[in-house]
Amino acid sequence: MSKTDLSGKNSEEKIEYLINEVNSREAEVAELRQELADARETIEEFKRMIFASRSEKKHVGFDDPNQLTLMDLFNEAEFASDSSVEEIPVKQAVEGYLRKKADEKKKKPTYEEMFDSLPSRELRCSVAPEDRICPDCGAEMERIGWDYVRTELEIIPAQVRKVVIYQEKVACRKCAEKFGEAYFVEAEIPSVLIPKSFASPTTVAYVMYEKYINSMPLYRQEKALLQMGVKISRTTLANWCIYCGLKYFKPVYQVMAGHLLERNCTAGDETPCQVLKEDGRTAQQKSYMWIHCTTNLDGLPPIMLYEYNPSRSGSVPENFYKEYKGKYVIVDGYQGYNKLPKGTVRCGCLAHFRRKFYEALPAADRKAGKSKSPAALIVNLCDKIFEIERGFTGLTPAERKIEREKSKEREIWKMIWAELDNISASSGSLLGKALTYARNQKPYMENYFLDGGVPVSNNFTESCGARPYAVGRKNFYFHDTPDGAEASSIIYSLAQTAKLNNISVFKYLQTVLLYMPDYVNEPEGIEELMPWSDKMQRLCAINKKATVEDGSGNPALFV
């Protein structure tokens with residue numbers, strides 16, 4: 001402040017001016033201190049997310065507890081081992097009944113029960129010829145029986161073999177001799193999967209299974225195949241996936257999407273991905289994998305669909321749901337979902353709602369219940385709703401709707417909104433951000449009371465949809481082209497839907513590739529390829545000795 005600032009002012013004016021200046025400086029200092037506190041809080045949150053111990057990460061619920069870090073690759077055996085865990089016990093038969101241990105609280109499955117569906121072989125250990133001679137009289141001893149010793153599990157590594165296909169032709173020799181020509185018949189053969197390629201349904205299904213279920217990048221598959229004596233470049237493997245994904249899996253995907261859009265309640269989410277070669281976009285720009293799926297409360301077969309799009313705009317869900325025949329969609333707080341079709345009821349996710357306040361807990365009081373902060377109170381109230389909802393497991397949507405109204409959930413929500421009105425926080429702090437999110441989501445959070453088929457949270461979509469893709473993304477890092485990203489979204493959709501319907505993913509991919517060359521233009525045939533169809537449940541069952549091959553290892557086309 002210069003002297004000229006006060007020139008021409010009397011004493012009272014100077015005092016008033018100085019008081020205003022002091023107040024202005026104090027307000028500015030307070031604002032800067034709050035910004036500093038908010039910045040420190042944000043930094044601590046980032047440090048916790050990056051460097052926190054594994055148990056803390058599991059508690060927050062963001063990371064896959066089964067996803068290994070780099071160091072875990074070296075010490076996984078030590079990390080996962082537990083000498084106190086016993087293997088499955090062999091059945092203990094004593095005098096015609098099964099004996100249980102005195103401290104056994106629950107009957108454990110036996111080897112016979114767990115491995116009954118597996119193919120088996122018997123290893124009979126015979127007595128050597130020189131040991132069959134009786135040492136007393138010199139006569140050859142005879143077998144008096146076989147004693148059961150134990151059961152072992154044997155794993156046969158993947159093998160590669162070439163299949164040479166011949167087509168049988170038959171003709172009437174009698175007519176040929178009599179008329180010089182004869183009627184002939186050719187055996188039906190499997191349709192070629194990819195023109196001018198040695199790829200088979202089994203091989204392509206194996207590559208897809210390794211990449212999209214086991215998160216095995218193609219460059220590592222290339223090395224693994226080389227160890228099996230086959231040199232196939234990753235480019236060829238990628239071409240197989242893209243060609244089959246777009247030509248054969250896309251029609252199946254579209255039929256699945258039709259079934260999804262007929263459900264009364266669906267769920268949505270989106271997760272970032274990266275595509276390197278896309279017209280009009282740099283390799284560094286984010287693209288998105290959108291997830292559309294059923295909920296797990298309607299009692300109908302689950303469906304999990306992925307949709308690639310370079311945009312995160314609301315036009316994506318708007319276009320996907322333009323023919324939606326249902327009524328409810330449960331999503332997080334992203335505003336792009338405001339463009340859902342007219343008449344669609346948007347429902348909020350309690351897990352996202354709770355997570356914002358959990359992140360706002362003081363670092364020293366991360367465990368809910370040990371903190372007296374306003375954020376902890378909201379977290380505890382959310383936990384009470386989750387606890388009540390767990391008691392409705394197994395109910396029909398109609399029963400769940402009734403029980404929700406009988407419960408204290410409505411009262412808990414009134415408490416939540418009342419508490420939020422009493423909380424004040426800086427807009428830049430984690431608590432302030434949580435408050436803003438909560439208030440913006442208020443119109444949607446209690447819509448789940450309208451229908452018992454609407455879940456209280458979107459956790460199913462995150463855990464069964466976004467997380468498997470995110471785990472795979474950590475391994476292959478990016479998609480090279482838009483076609484590759486689209487093919488990946490389609491393959492992921494079929495694989496995850498098959499997995500959720502409790503069938504073998506590998507068998508399912510193999511079966512679709514076996515039948516689709518003939519079913520591409522047959523809607524009725526494609527309908528049979530839905531993972532929940534009786535045919536797929538029978539052919540691709542995990543716990544049955546079902547197969548799409550006959551006894552000779554050849555495709556069984558007419559099962």
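Because the model is predicted, local features are reported at pLDDT of at least 70 and side-chain atom pairs at pLDDT 80 or more, while totals for chains, interfaces and linings use all residues. Residues are numbered from 1 along each chain as its sequence is written, and side-chain values use heavy atoms, with hydrogens and water left out.

The chain contains 19 helices and nine strands, where helices (H or I, at least four residues) and strands (E, at least two) are DSSP runs numbered from the N terminus. Of its 559 residues, 37% are buried, a term that stands for under 20% relative accessible area, with exposed meaning over 50% and partly exposed the range in between (1.4 Å probe, protein chains only). Among contacts (heavy atoms within 4.5 Å) with a separation of 6 or more, 63% join residues 24 or more positions apart.

There are 16 aromatic pairs in the structure; rings of Phe, Tyr and Trp (its six-membered ring) pair if their centres lie within 6.5 Å, and planes under 30 degrees apart count as stacked, over 60 as edge-to-face and the rest as tilted. The pair of F353 and W413 is edge-to-face, because the ring centres are 5.7 Å apart and the planes stand at 75 degrees. This pair links distant parts of the chain, since F353 belongs to helix 10 (residues 350-359) and W413 to helix 13 (residues 409-422), 60 residues apart. Both F353 and W413 are buried. A stacked pair is formed by Y448 and F449, with 4.4 Å from centre to centre and 25 degrees between the planes; Y448 is buried at 2% relative accessibility, and F449 is buried at 3%. Ring pairs also join F353, F357, W413 and W417 into a cluster.

Charged side chains meet rings as well, a charge being over a ring if NZ of Lys or CZ of Arg is within 6 Å of the ring centre and within 35 degrees of the ring normal. R312 lies over the face of Y334 at 3.9 Å from the ring centre, and the charged end of K356 sits over the ring of Y437, 5.2 Å from its centre.

Helix 10 is largely enclosed by the rest of the structure, because nine of its ten residues are buried; among them are L350, F353, F357 and E359.

Helix 11 (residues 374-390) packs against helix 13 at an angle of about 165 degrees, with the axes 10 Å apart; axes are lines fitted to C-alpha atoms, for helices over the stretch in contact, and angles run from 0 to 180 degrees between N-to-C directions. Helix 11 is therefore roughly antiparallel to helix 13, the term used for angles over 145 degrees, with under 35 counted as roughly parallel, 65 to 115 as roughly perpendicular and the rest as oblique. Residues that make this contact include L377, L381 and I388 of helix 11 and I412, W413 and L420 of helix 13.

L420, in helix 13, is buried with a relative accessible area of 2%. Not counting residues up to four places away in sequence, L420 touches F353, F357, I378, L435, A438 and R439. L420 and R439 are 19 residues apart in sequence, with their C-alpha atoms 8.2 Å apart.

S373 lies in the loop between helix 10 and helix 11 and counts as buried at 16% relative accessibility. Leaving aside neighbours within four places in sequence, S373 is in contact with L361 and P362.
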